[in-house]
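Reader: I am new to this structure and would like to learn how to read it. Could you take me through some features, one by one?

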Amino acid sequence: MSETTNTNEEKKKPSLNGRRAVPSNNSNDEENEVPEIEVFGLIPRGFNPKDYLHVVDIHMFKEPHEINKQQHHTDKYYSPKLIVRRGQLFQIQIDFNRPYKPETDQFWLEYLIGRYPQQNKGTYIPILVDDVLKPGRWGAKITHKENNSVRMSIMSSATCIVGKFRLYIAVWTPFGILRTHRNPATDTYILFNPWCQEDAVYLDDEKEREEYVLNDVGIVFHGNINDIKLRSWSYGQFEENILDACLFLMDKAELELSGRGNPIKICRVASAVINSRDDNGVLAGSWDNTYTYGVAPSAWTGSVDILLEYYSSKQPVRYGQCWVFAGVFNTFLRCLGIPARLVTNYSSAHDNNANLQLDFFLDDKGEVDTKLTKDSVWNYHCWNEAWMTRPDLPVGFGGWQVVDGTPQETSDGMYRCGPASVQAIKHGHVCFQFDAPFVYAEVNSDIVYSRREKNGTQVIEKIDTTHIGQLIVTKEVGGDGMMEITEEYKFQEGSEEERLALETAVMYGVKKQTMQDTMYRPQTDVDMDFQVQKAVLGSDFKVTITFRNKSHNYYTATTYLSGNIVFYTGVTKNEFKKHSFSAKLEPSSSSAFDVVIKSSEYLNDLLDQASLHFFVTARINETGKTLATQKATVLEIPTLKIKTQGETVAGKEMSVTVKFTNPLKKTLDNVTLRLEGPGVLRTMKKEFRQIPMNATLIWEVKCIPERPGLQKLIASLNCDALRHVYGELNVQIQKP
């Protein structure tokens, strides 16, 4: 009988393995019980804890207007608890039952995190009262004594764990230790500190810190290289419960608490947990234009709804595409205090076999063979950069690091990417962890057009070395404009340094195919290009193909244009236009040919981002050589107009209207509108059954703004026939 009870006992204990004496400590949420009285031995009769010094109250100075949150730049967090940044002084006040006597009384502070606190893991931190504080090291000193109270300055370590700590005050008596009872009101959040020189995320420019840590709205650049579009995104890192949701992500990823002071580890696990592949993470991706049982990626206006839904349901939120993954990742990083920015790479290579070239195979007619062509060019791809030192790499590779939460390829068996040093990518040092070769290929691949002859030999018709990674951008500091950062990633096209960086990357194992087994003899005396007329969604437009015959020969070119409806990832949904014609090319002259595209040809099959892609191939009949080129274009999508009525004062009701006119030659069904603005209003949604053609919709919303200052309202409209319709408005909220 005794044996069975024994096994039941064992079941209750957390499972241990032979390797560790303490179970893994990877949840910030779980707690252990801390004894209020810890006795040293036998307690003599007549011992009364009340005779000794004991704590009556603790003041945390945790209001937004008080000293701690002001000095630590945490006054915007919508949280009643104390939030401080590591490596920087903060103040608390302890009220005792009588005046504190340093000669005889002894007390200390204890900060605990997680279920199994241990001093050597940094999860149990006892702090003795001292006269001197060392910068960047844990310590506490009394700055002021008055009546029964002491005012203390506490310094946290600049490398300590980032998360939510529990605070206890312990008092020494000859017979045992007396502790304060568990009080959630004294919980203290400790975050990364870009203002502290000893912190791994230290950033020395105040304007940049305001942008990359404290700005809670940003801009996503999308569209394509020839037609850059932008929209606002609400990061909302200070909104209610977002900090707890971000800490929960690290629990979900089972990151050891002792590793949570290291921004490299945090970024690596977060890039996996932001997507739902292989770990049930935050967002499920969907690129197929059907978003049943979920929200279309284009409908989201910010990260808050996504993070809060995940925090409460613990199930992946549907659906995301690259800018949504990047938007949520940016919120996570800024919320924890890691400087971060969202970056867009135009014409981004998704190179399936990492050989630094994207292979487009043409059939004998010069059309792209979709069965053989596996690589794709994304019109744009968004990822994030996080700022940190890289003590794990040689000197010089700290600073901006690429991290990417979009599930594209696996890294060490999971869908994640980064952190990869931008500096290492630029110089071709792709041997340094993590995932540098993949990012290098995204910005540096060549496009190779090849055709298989009847006898089986492969002929390369064209190599395009400049199409990929033409432009890499992010939002400018302190404004809504675009800042180009292409040269952070690569040297000038065709320069000696660029050649050298490529050779370095190849030396470090980036595969680059040689051209031995293929023939490459392009037609050099004729240039071909084409231009797509800018057009509004729902209208006709034309594509103009131009030839420049630089030779003294007379040529005829059999020209073929293929228009495709594509996902922004460059994957084709279907071909909506096929047009071929014969072009006569006079010697030493240029000629242009127009092809008209009617709205009826593309409207029915259009996808989310109104993205079209054109291939033009031309065979010079006299030489048998082929010219090939491709371009994406994005149609102009109508916008939402946002207006405010009356005065805009914090704490007073105001009115916001959103207006939209249907531009299509058909009725829009089941339309959803969203509106949000951090500090002004929580996300609001409204459904409309139908908007007839040319009809105008007006939606009025009442709200009470919380925060004074310049705020942004962001709206989106979404239905099956029309997506990516946005509007925004800057609003100056006055102080009451």
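Author: Gladly! Let us start with Asn718, whose side chain makes a polar contact of 3.0 Å with the side chain of Ser298. A polar contact is a pair of N or O atoms within 3.5 Å; within protein, one must be able to donate a hydrogen and the other to accept it, and residues adjacent in sequence count only if both atoms are side-chain atoms. Before we go on, note that this is a predicted model, where local features need pLDDT of at least 70 and side-chain atom pairs count only at pLDDT 80 or more, while totals for chains, interfaces and linings use all residues. Residues are numbered from 1 along each chain as its sequence is written, and side-chain values use heavy atoms, with hydrogens and water left out.

Reader: Where is Asn718 found, and is Asn718 buried or exposed?

Author: Strand β40 (residues 709-719) holds Asn718. Helices (H or I, at least four residues) and strands (E, at least two) are DSSP runs, numbered from the N terminus. For burial, the cut-offs are under 20% relative accessible area for buried, over 50% for exposed, and partly exposed in between (1.4 Å probe, protein chains only). With a relative accessible area of 8%, Asn718 is buried.

Reader: Which residues is Asn718 in contact with, leaving aside its neighbours within four places in sequence?

Author: Contact means heavy atoms within 4.5 Å. With those neighbours left aside, the contacts of Asn718 include Ala296, Ser298, Asn670 and His724.

Reader: Which side chain is joined to that of Ser232 by a polar contact?

Author: That of Glu728, with a polar contact of 2.6 Å. Ser232 sits in strand β13 and counts as buried, at 1% relative accessibility. Apart from neighbours within four places in sequence, Ser232 is in contact with residues including Gly218, Thr301 and Lys712.

Reader: How many salt bridges does the structure hold?

Author: A salt bridge is a side-chain nitrogen of Lys or Arg within 4 Å of a carboxyl oxygen of Asp or Glu. This structure holds 30 salt bridges. One of them pairs Arg682 with Glu240, and their closest N and O atoms are 3.6 Å apart.

Reader: Why does the pair of Arg682 and Glu240 tie together parts that are 442 residues apart in sequence?

Author: Because Arg682 lies in strand β38 (residues 681-691), whereas Glu240 is in the loop between β13 (227-234) and α4 (242-252). Arg682 is partly exposed at 45% relative accessibility, and Glu240 is partly exposed too, with a relative accessible area of 32%.

Reader: How many residues of helix α7 are buried?

Author: The helix is mostly covered, with 15 of its 15 residues buried. To read the span of a helix, take 1.5 Å times one less than its number of residues as the expected value. Helix α7 (residues 322-336) reaches 21 Å from its first C-alpha to its last, close to the 21 Å expected.

Reader: What should I look for in the backbone?

Author: Most residues other than glycine have a negative phi, and most peptide bonds are trans. Here Ser588 has a positive phi of about 45 degrees although it is not a glycine. Ser588 is placed in the loop between β31 (572-585) and β32 (589-597), and is partly exposed, with a relative accessible area of 48%. Asn694, also not a glycine, has a positive phi of about 65 degrees; Asn694 is exposed, with a relative accessible area of 54%.

Reader: Which residues does a cis peptide bond with omega of about 5 degrees join?

Author: Gln433 and Phe434. Phe434 is in the loop between α8 (422-427) and α9 (436-444). The peptide bond from Gly418 to Pro419 is cis too, with omega near 0 degrees.
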